[in-house]
Structure formats: C-alpha cells, structure tokens
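Subject: Structure handover

Hello,

Here is the structure I promised to pass on. Please open it first, then read my notes below.

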Amino acid sequence: ESWSHSSTTLLLRSLAVAALRASPTTRMGSSAAPAIAVSISSAFDAGNIVFTSADASSVRLKVRPDPPTELEKKCHSQWFYFRASAGQPGVVSYEISNAGATSYPEGWKALKVCASADRKVWTRVDTTNYAADAGALRWTYDHGGANPCSVYFAYFDPYDYERHLDLIARCAAAPGSRVRSLGQTLDGRELDCVEVGDGPKHVWVIHRQHPGESQASWFAEGLLRRLLGLDSSAPDGLSVSLRRKFTFHVVPNMNPDGAVRGHLRTNACGANLNREWATTGEYEAPTPRRSPEVFHALRAMDASGVDAFVDVHGDEALPVAFIAGAEGCEVWGPRLKALQGAFVAAYARANPDMQAELGYDPDPPLKANLAICSNQVAARFDCLAVTLEMPFKGSNPSNLAALSSGGTFQGPRAAALGASLLDALSQLLADRGRSLDALVLETSGVADP
C-alpha cells in the first residue's frame, strides 16, 4: 500500500474487487446495484488518510503515521483529515481499520467524527462508533438530501496554515501588537510570535507543539482576538489592564511544518517537540538540526525571562479541559502550588469548560521529565508553568454547565477557552504594590518557605 497523499477514485459496486491497484483510479466490478462514485483525497494542507479497499457500500481507510521519532523509537498516528466526494446521492460507510493500532486507541471511545462541507462550519457525525474488538473506527454518511455529496471528515475541526497566516496579518495590523519571527522551521516557515503589552511581567503562551492538536490553534485565535480587540473597535477593559501589567508573548503554532504535513505529534523530521526541551541521556536537545522550533523559542524565553507560562495542547482520552502542573519539579512548593491553585480556580469560574476534578496524575516529587516543556520552563524560571489540555471528544455529559454554553466542544469553544485565559491571568495581577506571588500567597493563606 502507498502512504502518499494521492487522490484515489473509487467506483463502488456490490461486488468487491480482489485486486486493488495503487493507481489514481480503481474500478469496482459491476452488478445490478446502482453505482456510487466516490473520490477519497487528502492532498491538501493537514490532510491525512490512506485508502485501502472498498466494496459496494463501504470504504476502508488507514491513518498515515508520522515519521519515526529518534528519541521515542515509534511512529505516532491518530490525526486524520480527508475529503470524500460522491458522484451521486447515497449512503456510504467509512472505516478506519487501523484505529486500534494508533497512538491512543482509548481516544476513539465516545468520539464523534467531525464533518464539514465548506471547511468553515463543522459538526459531529452521530453515527460514529469505535469497534474495540476489531480496532476500527466506523461511521456512515448520507451523501444526498440535506447533506452535500462532497464532504470533509476530520479528527477535530482543522485549523489550516492559511488561516494562521491570516491571523498573524490581522495581529500585525492591530494597534499595540508586534509580530516577529523567532526563527525558521526545518521546512523554512517562520515561527511567528505575537507580542502585546509593555508590563514588567512576561507571560508566554505557546500552542500546538503537537500539530494534530488543532484545538490549540483555535485557542490561540480566541486569546489574540480578545487581547487585541480584533472583533471590535478596541480591546475590552480587562485586556487593556492586563496589557499594562504584562508583556504577552504568544506563539500561535509551534509546529507549522507538522501541521501542514498532517502529522499528529512530530515536526518535519520526526521530532516530538514536547520531548525536546532538554537533553535526554545521549540524545541532545534542543538542536537547530532536529528541533529548531524549540531551540529558537527557548532562546527567546531566556532573553525576556518568564513569569507565567501556558503550553496549550489537546488530549485524546479525557472529555474535559484541564491543567497539568510542575509537581515533579525541584522548584515545586507552597508558592507554586498556591499560584496554580488560584489560576485553575479562576479559570473554572470564568469558563465552565475548565475544571479541576479530572486530569493527569501529578508526577511524584523530583521525578519530573525536564525534556517536557512546562517542566523545563518551571524549573528554569521558577515560575508558574502549566500544560493546558483540551478534549478531542465533543461532550462530557457530567459537565452540564459547559454543555449548556453551546453545542459540542469544537473550534469555537476552544477559541472561547482561549479568550477566558485572560480572566484566569487577572487573578495573578499585582495589586496595591504587592508582588504577584505575594498576592496569591496572601489570598491562599500559604506562607512562602
């Protein structure tokens, strides 16, 4: 089979063809059943799928893996995004047959595939089902009637590179914004950083180290739209206040190469950027040769300093947004615990999609992996540094407040969560001359050691 992005045209009949050839067009045998011509393509920005076989009413596909990671010795896979074009109305069944062999098979449980005709409005496909015994993700789609014959399917609402460039251009034109490149990626793309504000405290927010976690780009857009007032004539009052207290450094996409290539976790050469923030054994990191994205970002952080840090991701398994902290770092103590507690509590009050009940188990004391971004930043700058995770899954039945806020968790809700980050950060503001840390310690009742 071929792992290329080439488009494969399928003429579906009632008889399966035993010998399918890797050519642009594959014809199925004829029968009395009406023909449905379907074309499967992923030859576009962030596309990922491989056609394997078909019969009269179904198409079988596979997710194409990332390049192998030198450090982890594996090929990650999970992200998919493709176009299915039916030549005439009809119901087609789709199956991703290697779903059980992907990086996070538990992530398929309760997942509903995303679908869109125009790549602007995305909805969930309710017929999605994960057959764990067969390791297959399956769904049906009626190409016809109220639905278009041509449709895009994806793991989560995609956020393509053109939209990223449009966002950067809007930010560059906004008053009070400075856009600079921290450096270039392996494929020659700019590592864009949007800087806003002139306060003494430096807040870094980076997004999408793992390119298949497209909700992180939606989060970045929501954050920047509010911070810069891109949807109105001026930023809101809270944004103006924060811009006086903080200098924001926002990197909307840390891994544009991997995103364009349709990878789940790696950059152009197969490096998992969230394992590239420190040397592991004999594996040197970060390096301009393998992980220039991290190399350039970390150098810029060293130049500015970091007082608060958020690394934005998506989680395959849990149906909620949550925060993971630096509990395993040597610097962890009552001060950082209080800061993180105040931050998470404020975030949950501001947006019901954030919560503190579910999340990762914290690292044991002094057992943090410093090659992971937020751990490295916490240890390096002795500051509040967290990983923020958002779900791929559309709904959490137990979170009634979030469900009532509008539909399933998709791009627009990820953007809203990004905008709400400012409410959480406002709790960390210095007030009446007190330092950021002292304010949180005072309100928490925790004494600094």
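Of the 449 residues of the chain, 55% count as buried. Keep in mind that this is a predicted model.

The chain as a whole: there are 10 helices and 19 strands. The accessible surface comes to about 17800 Å². Carbon and sulfur atoms account for 52% of that surface. Take the contacts between residues at least 6 apart in sequence: 74% of them join residues at least 24 apart.

The partner of β4 is β5 (residues 58–62). The two run antiparallel and are joined by 4 bridges. Ala54 stands opposite Val59 in β5.

Last, a helix pair. Helix α2 (residues 215–228) packs against helix α9 (residues 411–426). Their axes are 7 Å apart, at an angle of about 50°. Angles from 35 to 65 degrees fall between roughly parallel and roughly perpendicular, and α2 and α9 are therefore oblique to each other. Their crossing is right-handed. On the α2 side, the residues in contact include Trp218, Phe219 and Leu223. On the α9 side, they include Ala415, Leu421 and Leu422.

Best wishes

Notes
Residues are numbered from 1 along each chain as its sequence is written. This is a predicted model: local features need pLDDT of at least 70, side-chain atom pairs count only at pLDDT 80 or more; totals for chains, interfaces and linings use all residues. Side-chain values use heavy atoms; hydrogens and water are left out. Two strands pair if DSSP finds at least two bridges between them. Buried means under 20% relative accessible area, exposed over 50%, partly exposed in between (1.4 Å probe, protein chains only). Contact means heavy atoms within 4.5 Å. Accessible areas come from the Shrake-Rupley method with a 1.4 Å probe; for residues, only the protein chains shown count as cover. Axes are lines fitted to C-alpha atoms, for helices over the stretch in contact, and angles run from 0 to 180 degrees between N-to-C directions. Angles under 35 degrees count as roughly parallel, over 145 as roughly antiparallel, 65 to 115 as roughly perpendicular and the rest as oblique. A crossing is left-handed if the near helix is turned anticlockwise from the far one by less than a right angle, and right-handed if clockwise.
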